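I opened this model to look at its fold, its core and its loops. My entries are below.

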Amino acid sequence: MARFPEALSEQVGYELAASQQYIAIAVYFDVETLPQLAASFYRQSVEERNHAMMMVQFLLDSELPVRIPGVAGPETDFGSARDAVALALEQEKRVTEQIVALVGLARDEGSLVGEQFLHWFLQEQREEVSSMSQLLATVERAGENLLLVEEYLSRTSGGENALEAGAPPAAGGVL
Ligand SMILES: [Fe+2]
Ligand SMILES: [Fe+2]
């Protein structure tokens, strides 16, 4: 019995948990009156939700069972902006490991279609780990003066992500 479909449904839960975690981080920055940081995490949250729905669409297209899991509650207490961004980076690294394990499972079970579907997520994770570690470095360099981070984000964010064009279809449509 192939374990890949069930493992992919589990990953739907991890993506939704990541989405919720990013809402919690966005709200933290909103409370701190750091609107650019808040906006960037609200956007990340939507992206994680889209990842979940891409996986759902793959399961639907493959006529595999789709199970929508419950999610663990997010961390909501952050000692500092640095802690919040460090948690986000940790989360992206963990998701990368999860995707790599899924690719391994798909390959072991001869699901080449599933493996090919996941290749986009490998690229996406490389991009997300890299942009989150850049953000962490920026926050660390800014120290107490987080307005420098706000200014940096207002100059750099909002660009088109080249990966979006090649993204797999999402159930119900991408947001
Ligand atoms: Fe994701
Ligand atoms: Fe992510």
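The entries go from the whole chain to single residues.

**Ground rules.** I am working with a predicted model, where local features need pLDDT of at least 70, side-chain atom pairs count only at pLDDT 80 or more, and totals for chains, interfaces and linings use all residues. Residues are numbered from 1 along each chain as its sequence is written, and chains are lettered from A and ligands numbered from 1 in the order in which they are written.

**Whole chain.** I looked up the secondary structure and found 6 helices and 0 strands. Helices here are DSSP runs of H or I with at least four residues, strands are runs of E with at least two, and both are numbered from the N terminus. The order from the N terminus is α-α-α-α-α-α.

Next I checked the dimensions. Along the principal axes, the C-alpha atoms fill a box of roughly 55 × 30 × 30 Å. For 175 residues, a compact globule would have a radius of gyration near 16 Å; the chain has 17 Å, which agrees. That radius is taken over C-alpha atoms, and the globule rule is 2.2 Å times the number of residues to the power 0.38.

I then looked at contacts, meaning C-beta atoms, placed from the backbone, within 7 Å. Of the contacts with a separation of 6 or more, 78% join residues 24 or more positions apart.

**Core.** Buried residues make up 31% of the 175 in the chain. Buried means 20 or more other C-beta atoms within 10 Å of the residue's own, exposed means 12 or fewer, and partly exposed lies in between. The largest nonpolar core has 38 residues, and Ile25, Phe29, Phe41 and Met55 touch the most other members. Such a core is a set of buried Ala, Val, Leu, Ile, Met, Phe, Trp, Tyr and Cys residues joined through C-beta atoms within 7 Å. H1 (4-31), H2 (35-61), H3 (81-108) and H4 (112-142) each supply at least two residues of this core. H1 gives the most, with 12.

I followed Phe41 further. Leaving out residues up to four places away in sequence, Phe41 touches Tyr22, Ile25, Ala26 and Phe29.

The 27 residues of H2 should span 39 Å at 1.5 Å a residue, and the end C-alpha atoms are 39 Å apart, which agrees. The expected span uses one less than the number of residues.

Which residue just after H2 takes a positive phi? Glu63 does, at about 55°. Glu63 sits in the loop between H2 and H3. Glu63 is exposed, with 7 other C-beta atoms within 10 Å.

Thr33 lies in the loop between H1 and H2. Its phi is near 55°, positive in a residue other than glycine. Thr33 is exposed, with 10 other C-beta atoms within 10 Å.

Key
Two residues are in contact if their C-beta atoms, placed from the backbone, lie within 7 Å.
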